[in-house]
Amino acid sequence: MASRADDEQTWTIREVAEEFGVTHRTVRHYEELGLITPERRGTTRVYRRRDRTRLGLILRGKRLGFPLDEIRTIIDLYDAPRGRRSQLEYVLGQIDERRSDLEQRRRDLDDALTELARFEERCREDLSRIPR
């Protein structure tokens with residue numbers, strides 16, 4: 001249940017997991033890796049806006065195919081002295097690399113599909129020449 005303390009909203013692990021469509025285990029995993037650092041009140045984890053923002057960035061990075069170490073670097077750059085600027089410059093470089101990798105994979109898939117279609121055509125031609 002969301003609560004207000006010093007006018008800053010907080011969330012439980014259940015609320016954060018539901019919001020982002022992940023399991024409690026996933027949220028705890030990112031905590032174990034130090035990617036998010038919720039406050040602890042006894043055995044209860046208390047998530048703040050910063051944790052939710054970081055979790056959103058982690059999940060976006062995963063969807064885009066970035067490894068967790070790259071995601072950590074990107075997120076940590078936000079806290080660096082140059083802050084947002086250094087983060088964005090780094091991310092742009094990573095995006096270029098990721099795009100190049102994905103475009104190469106797409107070319108490889110297109111080539112494989114073309115080769116498969118040719119092979120299928122030859123097999124069908126060969127099959128049609130064999131008497132039943």
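Is E39 buried, partly exposed or exposed? With a relative accessibility of 31%, E39 counts as partly exposed; buried means under 20% relative accessible area, exposed means over 50%, and partly exposed lies in between (1.4 Å probe, protein chains only). Before the tour goes on, note that this is a predicted model, in which local features need pLDDT of at least 70 and side-chain atom pairs count only at pLDDT 80 or more, while totals for chains, interfaces and linings use all residues. Residues are numbered from 1 along each chain as its sequence is written, and side-chain values use heavy atoms, with hydrogens and water left out.

**The whole chain**

Show the protein as a cartoon. Five helices and four strands make up its secondary structure; helices (H or I, at least four residues) and strands (E, at least two) are DSSP runs, numbered from the N terminus. Followed along the sequence, the pattern reads β-β-α-α-β-β-α-α-α. The protein is more spread out than a compact globule, because its radius of gyration is 23 Å, well over the 14 Å that the globule rule gives for 132 residues. Here the radius of gyration is taken over C-alpha atoms, and the globule rule is 2.2 Å times the number of residues to the power 0.38. Along the principal axes, the C-alpha atoms fill a box of roughly 85 × 40 × 20 Å. Of the 132 residues, 27% count as buried.

**Salt bridges**

Side chains of opposite charge can pair when their charged atoms come close. A salt bridge is a side-chain nitrogen of Lys or Arg within 4 Å of a carboxyl oxygen of Asp or Glu. E39 meets R41 in a salt bridge with an N to O distance of 3.1 Å. E39 also forms a salt bridge with R48, where the closest N and O atoms are 2.7 Å apart. R41 is partly exposed at 41% relative accessibility, and R48 is partly exposed at 22%.

Which residue forms a salt bridge with R45? Select E31: the closest N and O atoms of R45 and E31 are 2.4 Å apart. R45 lies in strand β4 (residues 44-46) and E31 in helix α2 (residues 24-32), so the pair ties together parts that are 14 residues apart in sequence. R45 is buried, with a relative accessible area of 18%, and E31 counts as buried at 17%. The structure holds 13 salt bridges.

Now select D108, D110, D111 and E115. These residues gather in a patch of negative charge on the surface. D108 lies in helix α5 (residues 84-129) and counts as partly exposed at 42% relative accessibility. Patches are made of residues with over 30% relative accessible area and no salt bridge; like charges are joined within 9 Å, and nonpolar side chains (Val, Leu, Ile, Met, Phe, Trp, Tyr) within 5 Å. Lys and Arg count as positive and Asp and Glu as negative, while His and the chain ends are not counted. The place of a charge is taken as NZ of Lys, CZ of Arg, CG of Asp or CD of Glu.

Then select L113, L116 and F119. They form a nonpolar patch on the surface, with about 330 Å² of accessible area together; such areas come from the Shrake-Rupley method with a 1.4 Å probe, and for residues only the protein chains shown count as cover. F119 is placed in helix α5 and is partly exposed, with a relative accessible area of 47%.

Draw the lines below from C-alpha to C-alpha.

- I74 to R84: they are 10 residues apart in sequence and 9.8 Å apart in space. I74 is in helix α4 (residues 68-78) and is buried at 12% relative accessibility.
- L33 to R72: they are 39 residues apart in sequence and 9.3 Å apart in space. L33 lies in the loop between α2 and β3 (39-41) and is partly exposed at 33%.
- T44 to E121: they are 77 residues apart along the chain, and 62 Å separates their C-alpha atoms. T44 is in strand β4 and is partly exposed, with a relative accessible area of 42%.
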